[in-house]
Amino acid sequence: MKSKLAFSAGLTAGVLATLSAALVAGQLTGLIEFTANTPAKAAEVNGNFAAVKTAVDDNHARISTLETKLAKFGNNPSPSTGGRGAQCVLGEIMLFAGSVAGAAQAAGQLLPINQNQALFSLLGTKFGGNGTTNFALPNLSDVAPNGLTYTICIEGIFPAT
């Protein structure tokens, strides 16, 4: 039985050693410290395991909460459509909550160069396209908060240099 307790004490010490100092200082209080080559009591070892489990469970709950909050960003953009709204600067990227954004959705789609020469002169093939007949808009749909859409002005004021 003594060897199992020594193994458990060593395992507990190993687990605690891998936890960050901030975690140990901030969440694990009242831990029993074990001395090498000294038998540990089962209640002390179990108490340490319980404290570590509580800290891990607390961190798991915090991470789950953060994941829930972060899930609100970038996975459900609004299905915005192009339209003619207020005057914008050609190539301007805007964030909208409405269904008509006054520009094209920045979703990586290809546009023909011959119909969008001014915008092509600004973007080139930085976001894709073959550069001879088409070019791509940036794809920002993955980073748009839920219910919002990034759009890019495709008809507007040409920026002055």
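Two strands pair if DSSP finds at least two bridges between them. Strands (E, at least two residues) are DSSP runs, numbered from the N terminus. This is a predicted model: local features need pLDDT of at least 70, side-chain atom pairs count only at pLDDT 80 or more, and totals for chains, interfaces and linings use all residues. Residues are numbered from 1 along each chain as its sequence is written, and side-chain values use heavy atoms, with hydrogens and water left out.

Start with the sheet. Its 3 strands lie in the order β1-β5-β2. The sheet is open, and the pairing is antiparallel. β1 (93-96) and β2 (104-105) are the edge strands. Each has a single partner strand, so one side of each lacks a neighbour in the sheet.

Now take the pairs one by one. Between β1 and β5 there are 4 bridges, in the antiparallel sense. Here L95 stands opposite Y150 in β5. β2 is joined to β5 by 2 bridges, and these strands also run antiparallel. In this pair, A104 faces I152 in β5. What holds such strands together? Strands of a sheet pair through backbone hydrogen bonds.

Next, move to a loop. S141 sits between β4 (134-136) and β5 (149-152). Is S141 buried or exposed? S141 is buried (under 20% relative accessible area, with a 1.4 Å probe and protein chains only), because its value is 18%. Its side chain makes a polar contact of 2.7 Å with the side chain of N139. Such a contact is a pair of N or O atoms within 3.5 Å; within protein, one must be able to donate a hydrogen and the other to accept it, and residues adjacent in sequence count only if both atoms are side-chain atoms.

How values were computed
Buried < 20%, exposed > 50% of the residue type's maximum accessible area, 1.4 Å probe, protein only.
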